[in-house]
Amino acid sequence: QVHLVESGGGLVQPGGSLRLSCVASGDIASINTRGWYRQAPGKERELVATITNSGNTNAADSVKGRFTISRDSAKNMYLQMNSLRPEDTAVYYCHARSYYPGSGYSDYWGQGTQVTVSS
């Protein structure tokens, strides 16, 4: 089992910045991919960015050049969000995918943190 806790959300004006953090605990050695997703009111949850254990990253076209995903250890992952827009308003979720030999993949989610971009 993996437990994820996000922090860093809040209210920010358009053009501003926020940094989200996600701390993993439990069986972190099983994790092979981590990422951030978001869900706006009335919309489906969507991918924001992912990072593998080897450091390879991927980001949605809507956030490329503005958001940066990073990690400094197996426990800690971040999302630096710059040049925020009102359409970035959503609940942001931390995600981890683990692999267990013989069982396959398991997905874990944090509780979510609200990001609101408004003047």
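**Charges**

I counted 11 positive and 9 negative side chains in the chain, and the centres of the two sets lie 4 Å apart. For this count Lys and Arg are positive, Asp and Glu negative, with His and the chain ends left out. I placed each charge at NZ of Lys, CZ of Arg, CG of Asp or CD of Glu.

**Ground rules**

I am working on a predicted model, where local features need pLDDT of at least 70, side-chain atom pairs count only at pLDDT 80 or more, and totals for chains, interfaces and linings use all residues. Residues are numbered from 1 along each chain as its sequence is written, and side-chain values use heavy atoms, without hydrogens and water.

**Fold and overall form**

I looked up the secondary structure next. The chain has 11 strands and 0 helices (DSSP runs numbered from the N terminus: strands are E, at least two residues; helices are H or I, at least four). The radius of gyration is 14 Å, close to the 14 Å of the globule rule for 119 residues, so the chain is as compact as a globular protein of that length. That radius is taken over C-alpha atoms, and the rule is 2.2 Å times the number of residues to the power 0.38. Along the principal axes, I get a C-alpha box of roughly 50 × 25 × 20 Å.

**Surface and contacts**

I find 40% of the 119 residues buried (under 20% relative accessible area; exposed is over 50%, partly exposed in between; 1.4 Å probe, protein chains only). The chain exposes about 6,200 Å², and carbon and sulfur atoms supply 47% of that area. Accessible areas come from the Shrake-Rupley method with a 1.4 Å probe; for residues, only the protein chains shown count as cover. Of the contacts with a separation of 6 or more, 54% join residues 24 or more positions apart. Contact means heavy atoms within 4.5 Å.

**The disulfide**

I searched for disulfides (cysteine sulfur atoms within 2.5 Å) and the structure holds 1. Cys 22 and Cys 94 form it, with their sulfur atoms 1.9 Å apart. The link is left-handed, at -75° about the S-S bond. Cys 22 sits in strand β3 (residues 18-26) and Cys 94 in strand β9 (residues 90-100), so the pair ties together parts 72 residues apart in sequence. Cys 22 is buried at 1% relative accessibility. Cys 94 is buried too, at 0%.

**Ser 21**

I then checked Ser 21, which lies in strand β3. Ser 21 counts as buried, with 18% relative accessibility. Setting aside neighbours within four places in sequence, I list Val 5, Glu 6, Ser 7, Trp 36, Met 77 and Tyr 78 as contacts of Ser 21.
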